[in-house]
Amino acid sequence: MDTDDYDQSALEDLRARGYEPEDYLNDDGTVKDQKVYRFSEADSYTQYKQLLEGKSSEYNSKSPDDAIKLLPELSDRGVEYYGAWLKYLLTAEQELEASGERTTTDPNEIDIYYNAQTTALNELEQKFLHGEDLGIHATLRDSEGNVRDLYTGAFDLKSSQPDIPTLTADWEQKIKAVPIAMGSDGTYLAAGEQLIASVGLSPTYDFKSVYDHCSGSTRLADETTLGAFCSATPNLIYINQDSRNWTYDVTGSYYPNAAKHELAHAMIYRICGTTAPALRVDHEALTNSYATLYFGAERDVLNLGAQNAPWYTMTDASDAAAQLVHDGHCSISAD
């Protein structure tokens, strides 16, 4: 065979891999008894597969409490960020399955590929754990079939992670320190505003704007809803001055107690990343209990206000759930 008829770089590549072209090629240029390697049969494939499946199982099986601890911040953005990481793991598993069907005549190509995949996986995990920009694009299809982008950017972890025991103690002290008294206008409107402002939040009387951020924020009709909290705007408390009983509510002791209820929603969200932690009680009863146990709300007043909405009624179970949340526990086992 005359090797001058072949591309010299190809011949050099053969020699670098330990082959003599004269022994490797037939006269017509085809490879003699060429060995083909399947990606899925390589040790590097198995090692990467075990690593990827282990991480996928670890992050997908975390309890709500443990998952919350990994959020770079207790917000919808933080939840989306976690979701983007899980989406990456799912996509990587799908790509792994497809890559395993590939073949090559160079076994080194397989090791190079899976070593690079291993490095990329480990580096992205560290970015996730440190709240850094993931540098990936991830989407989610919602229940209505709409596709939206998930947040994958960076977080300022120093300012985004609250010290929960310090935060709860601070709110409790400040809220309880607000004097509850009727104002010169004959209402408790000022007292409600003082309660909300005491912990750095703001009231808004544009009640319907809550639906621009949170759909289904309340199970009651607008005409019977006095206030609302929306996790997408965690520093606002929505007050409905157009509610049917506005005049009666704002001139009575129910109003400041209702303000404490909404503040309890805000605190539960800050602790658990949701206003409805999985604690086997209705989240409105839980919120009433939290307001009563820790913000000094009046149990009889709040339970009386629950006559037409029994899911607000406090029980021993809702009190126990509120204590769990206060201690940083946002779920209980399903057993």
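This dialogue walks through several features of a predicted model, taking each in turn.

Q: What does the secondary structure of the chain come to, and what share of the residues is buried?

A: The model is predicted. Its chain comes to 14 helices and seven strands. Of the 335 residues, 40% are buried. Contacts can also be sorted by separation in sequence: among those between residues at least 6 apart, 65% join residues at least 24 apart.

Q: How is a pair of aromatic rings read, and how many aromatic pairs does the structure hold?

A: Two values describe such a pair: the distance of the centres and the angle of the planes. The structure holds 18 aromatic pairs. One of them is formed by Tyr45 and Tyr114, with 5.4 Å centre to centre and 75° between the planes. Planes over 60 degrees apart count as edge-to-face, and this pair is edge-to-face.

Q: Which parts of the chain does the pair of Tyr45 and Tyr114 tie together?

A: Tyr45 is in helix 3 (residues 43-60) and Tyr114 is in helix 6 (residues 107-129), so the pair ties together parts that lie 69 residues apart in sequence.

Q: Are Tyr45 and Tyr114 buried or exposed?

A: Buried means under 20% relative accessible area. Tyr45 has 11%, so Tyr45 is buried. Tyr114 has 1% and is therefore buried as well.

Q: What kind of aromatic pair do Tyr81 and Phe128 form?

A: This pair is stacked, with 15° between the planes and 5.7 Å centre to centre. Tyr81 belongs to helix 5 (residues 76-99) and Phe128 to helix 6, and the pair links distant parts of the chain, 47 residues apart. Tyr81 and Phe128 are both buried.

Q: Which residues form one aromatic cluster with Tyr81 and Phe128?

A: The cluster is made up of Tyr59, Tyr81, Tyr82, Trp85, Tyr88 and Phe128. Tyr59 also has a charge over its ring: the charged end of Lys62 sits there, 5.8 Å from the ring centre. Elsewhere, Arg102 lies over the face of Tyr113, 5.0 Å from the ring centre.

Q: Which side chain does Ser44 join by a polar contact?

A: The side chains of Ser44 and Asp111 are joined by a polar contact of 2.7 Å. Ser44 is in helix 3. Its relative accessible area is 7%, so Ser44 is buried. With neighbours within four places in sequence left aside, Ser44 is in contact with Ile110, Asp111 and Tyr114. Tyr114 is the partner of Tyr45 in the edge-to-face pair.

Q: Which backbone atoms do the side chains of Asp133 and Thr292 reach?

A: The side chain of Asp133 reaches the backbone nitrogen of Gly135 at 2.9 Å. For Thr292, the side chain reaches the backbone oxygen of Asn288, at 2.9 Å.

Q: Where does Asp133 lie, and what is Asp133 in contact with?

A: Asp133 lies in the loop between helix 6 and strand 3 (139-141). A relative accessible area of 44% makes Asp133 partly exposed. Leaving aside neighbours within four places in sequence, its contacts are Lys127, Thr152, Gly153 and Ala154. Separation in sequence and distance in space can also be read side by side: Asp133 and Tyr81 are 52 residues apart in sequence and 9.5 Å apart in space, C-alpha to C-alpha.

Q: What is the place of Thr292, and is Thr292 buried or exposed?

A: Thr292 is in helix 12 (residues 283-295). At 14% relative accessibility, Thr292 counts as buried. Beyond its neighbours within four places in sequence, Thr292 is in contact with Ala297, Arg299, Leu302 and Met314.

Q: What is phi of Arg280, and where is Arg280 placed?

A: Phi of Arg280 is near 65°, which is a positive value in a residue other than glycine. Arg280 is in the loop between helix 11 and helix 12. With a relative accessible area of 57%, Arg280 is exposed.

How values were computed:
Residues numbered from 1 in each chain as written. Predicted model: local features only at pLDDT ≥ 70, side-chain atom pairs only at ≥ 80, totals over all residues. Heavy atoms only, no water. Phe/Tyr/Trp six-rings, centres within 6.5 Å; stacked < 30°, edge-to-face > 60°. Helix = DSSP H or I, 4+ residues; strand = E, 2+ residues; numbered from the N terminus. Buried < 20%, exposed > 50% of the residue type's maximum accessible area, 1.4 Å probe, protein only. Lys NZ or Arg CZ within 6 Å of the ring centre and 35° of its normal. Polar contact = N/O pair within 3.5 Å; in protein donor to acceptor, adjacent residues only side chain to side chain. Contact = heavy atoms within 4.5 Å.
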